[in-house]
Amino acid sequence: MEKADELKIIEQVKKGDLLAFRLLVDKYKTLAFHIGMQIVRNAEDAEEIAQDAFLKTYQSIDKFKGESKFSTWFYRIVFNLAVSKTRKKRIETSDIDEVEISDYEIAEAYEEFTTLEEEERSQQLKHAIEKLKEEESLIITLFYLNENSVEEISEITELSVSNVKVKLHRTRKKLFQILSEQKMIEK
Amino acid sequence: MKNKYAQAYKKNKTMDENELNNLSKKLFENYKLQRPPEDFTDKLMLRIEKAKNPVKQEKKVLGSKFMMFFIVTFSALTLFGFIFQDKSNTSESGFMNNLNLHYFDLEKLTKLFNFHIEIGLFAKLIIGSIIVLVIIDLLTGSVIDYFIDSKSKKKAGFEN
């Protein structure tokens, strides 16, 4: 769906067209569910968050003025609902300590990873993502799976751009560290 | 050949941010996100439809329907009483006093239970209308439906 097409669809939704809204739901439901999953770590709650987010979006679509991307605006709603659901003031944030992994270990973990079958690779990565903290897993998946820019992630999570960059760097290393540890356990 | 790539980093090669980014990107290649349940969209559309037609409005419609049926029954009983009015009564009190509701004589009915009360004509008509409506509702099961419906609507309603 092109951006211009999406804006036309949003205009139709503003006029109350439910079929047009269905198109937006089909496009964004997987990532909305995913964001919920990263924060509440429970499929049932994640589904409820995604549903509530779409409902809220439908009811407040008039507030979307097109200044930012619709996806960023929408993911911000999902993120806020997910954080409220955890009943915490803030989600668990990543620690300040540097990750203890050398460049060699990163390269080795990567090389080991590439030797796995696709199915096993997905499983390993899934487990590794689950071991990250909520904020870390959200940032890294938004960046690599949804291809959101650092600026967009900053808008969604309300973290500063520099903070997102730092956390992204640390999370990359941490992910390789977890993959490396997982491999060691298997050995 | 194994570890050839990694070995390079053992020999003091450093990994810059771009390299780390590229390796991370490759990790996520072909990785599929967990999808929400199949009926996600249908369930959502149903919730939106319900949110568009709040429970309060439906209750209002049901309430106004009850009033309409009550007025119709009340009028029907009055008309019925007028048709069967006591023709022998020639006093000047007119229509209201001549209304014949002997087919619905609540006073006789109360005497059956060993007590006696004076019930006015309008009270008779109102009580009569309510009893008729309740009997119809019970026979058609709509009273039960009404309670079940209002309970389920409350549960399914959109929470703001």
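**Where the chains meet**

In this predicted model, 32 residues of chain A are in contact with 30 residues of chain B, contact meaning that the C-beta atoms of two residues, placed from the backbone, lie within 7 Å. The elements of chain A that each give two or more residues to this side are H2, H3 (43-59), H5 (103-114), H6 (118-131) and H9 (161-186), and H2(A) gives the most, with 10 residues. Helices here are DSSP runs of H or I with at least four residues, strands are E runs of at least two, and both are numbered from the N terminus.

A word on conventions: residues are numbered from 1 along each chain as its sequence is written, and chains are lettered from A and ligands numbered from 1 in the order in which they are written. Local features need pLDDT of at least 70 and side-chain atom pairs count only at pLDDT 80 or more, whereas totals for chains, interfaces and linings use all residues.

Chain A as a whole has nine helices and zero strands.

Now, how do H2(A) and H4(A) cross? The axes of H2 (residues 18-40) and H4 (residues 70-85) of chain A, lines fitted to C-alpha atoms over the stretch in contact, come within 9 Å and cross at roughly 30°. That makes H2(A) roughly parallel to H4(A), a label used for angles under 35 degrees on a scale from 0 to 180 between N-to-C directions. Among the residues that meet there are A:Tyr28 and A:Ile35 in H2(A), and A:Phe74 and A:Val78 in H4(A).

Conventions:
Angles under 35 degrees count as roughly parallel, over 145 as roughly antiparallel, 65 to 115 as roughly perpendicular and the rest as oblique.
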